[in-house]
Amino acid sequence: LVSSPEQRKEEHADVITALPSAWAADGLRKLRRYQGFWLRDIFVPAAINLQQRFEPRPDDVIVASFPKCGTTWLNALTFATMARAVYPPAGADHPLLRLNPHQCLPFLEALFKDGREAELEALPSPRLMNTHMPLPVVPRALPGCRVVYICRDPKDMVVSLWYFFRRLRPDLPFSSVFESTCDGKMSFGPVWGHVLGYWRAAIARPDKVLFLRYEELLRDPAGHVRRLAGFLGMPFSAAEEETGTVNSIVQLCSFGNLKDLEANKIGRLDPLLPIPRDALFRNGASGDWVNHMTPEMASRLDDIVAEKIRGTGFTF
Ligand code: A3P
């Protein structure tokens, strides 16, 4: 028997209330501990549905990230790279000139939370989608499809998240976000578990997972766009190199360009996150943590993370 989205909602309700709970740093959202990760309670049904119902296609591409680690940028770069035959990146009518990057690809949590996975089924291949879910929540993603993951220095992630949450709660102290990062009790956290899951998968299957770092992307965006295109099986041709396609993609998706577009200045993200869109484009640099943390706080977080990833071979 196939259960309806409504029936599934009821089935999940019991599972959810039995899970350990905590408040997120903003004090506004409830978190539940699900299979070793803290998820907003509204995303637990999405996690269950994703595990049970996500049907990958071999040419699917998933952009995965921990929040505030460069998702918007990687969404834009991957979309622009994959869609370049239809939408030339230097074109005056490129979707990224009129849409926020998050509107260019579906967010898996949002679809699977409401039983709207049919919308994903209806998309033509190759599909491009985005998730913040840790890898164990999308187990069929690998080796079923390709994943592009971005990680970032957790200290910069904390700063970025604090500014982001302050758009909902202007009085939110930095220490709340910092402490919740240290103890891992944050949406999709702990951050080390999230990153390690995808990093291990990238080591095991480099053909299926491309593991990127925000800081390296900043240093050499064009080099990484070439890597991305190669990984996606659509490397730039000599003709494209000649006409500067790579640089057009880099320029189109650059912080300076996206930040000033009307589509990224006006309106809110979505009903799940009623934050103004411009909150996605704050500083766009690495190392801003020095302006927000004492050296003691920085070493405390570094030490916690180092302890959690010790012996894995991974370093931030
Ligand atoms: P800061 O708050 O440090 O500036 P996410 O997209 O995962 O929410 O991450 C947001 C972070 O990425 C923010 O960092 C934001 O400014 C930065 N960002 C957004 N678009 C970017 C772009 N095109 N290039 C570089 N950084 C970008």
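**Group meeting: helix crossing, strands and ligand shell**

I'll start with a helix pair: the axes of H3 and helix H11 (residues 221-231) come within 10 Å of each other and cross at roughly 60°. Axes here are lines fitted to C-alpha atoms, for helices over the stretch in contact, with angles running from 0 to 180 degrees between N-to-C directions. H3 and H11 are therefore oblique to each other; angles under 35 degrees count as roughly parallel, over 145 as roughly antiparallel, 65 to 115 as roughly perpendicular, and the rest as oblique. Their crossing is right-handed, that is, the near helix is turned clockwise from the far one by less than a right angle.

Some background. This is a predicted model: local features need pLDDT of at least 70, side-chain atom pairs count only at pLDDT 80 or more, and totals for chains, interfaces and linings use all residues. Residues are numbered from 1 along each chain as its sequence is written. Helices (H or I, at least four residues) and strands (E, at least two) are DSSP runs, numbered from the N terminus.

Next, strand S4. Five of the five residues of S4 (residues 61-65) are buried, so the strand is largely enclosed by the rest of the structure. Buried means that 20 or more other C-beta atoms, placed from the backbone, lie within 10 Å of the residue's own. In a regular strand, side chains alternate between the two faces of the sheet. Both faces of S4 are covered, with Val61, Val63 and Ser65 on one side and Ile62 and Ala64 on the other.

What does S4 pair with? It runs parallel to strand S5 (residues 128-131) over four bridges, and Val63 has Asn130 as its bridge partner there. S4 is also parallel to strand S6 (residues 146-151), over five bridges, where Val61 is partnered by Arg146. Pairing requires at least two DSSP bridges between the strands.

There is also an open sheet of three strands, in the order S1-S2-S3, with antiparallel pairing. Its edge strands are S1 (21-23) and S3 (37-40), each pairing on one side only. The twist averages 35° from one strand to the next. Four bridges join S2 (residues 30-34) to S3, and Tyr34 stands opposite Phe37 in S3.

Last, the ligand. It is surrounded by 21 residues, the closest being Thr71, Thr72, Ser160, Arg282 and Asn283; a residue is near if its C-beta atom, placed from the backbone, lies within 6 Å. Helices H3 (71-82), H7 (154-166) and H14 (255-259) each supply at least two residues of this shell.

Terms used
Buried ≥ 20, exposed ≤ 12 C-beta atoms within 10 Å, placed from the backbone.
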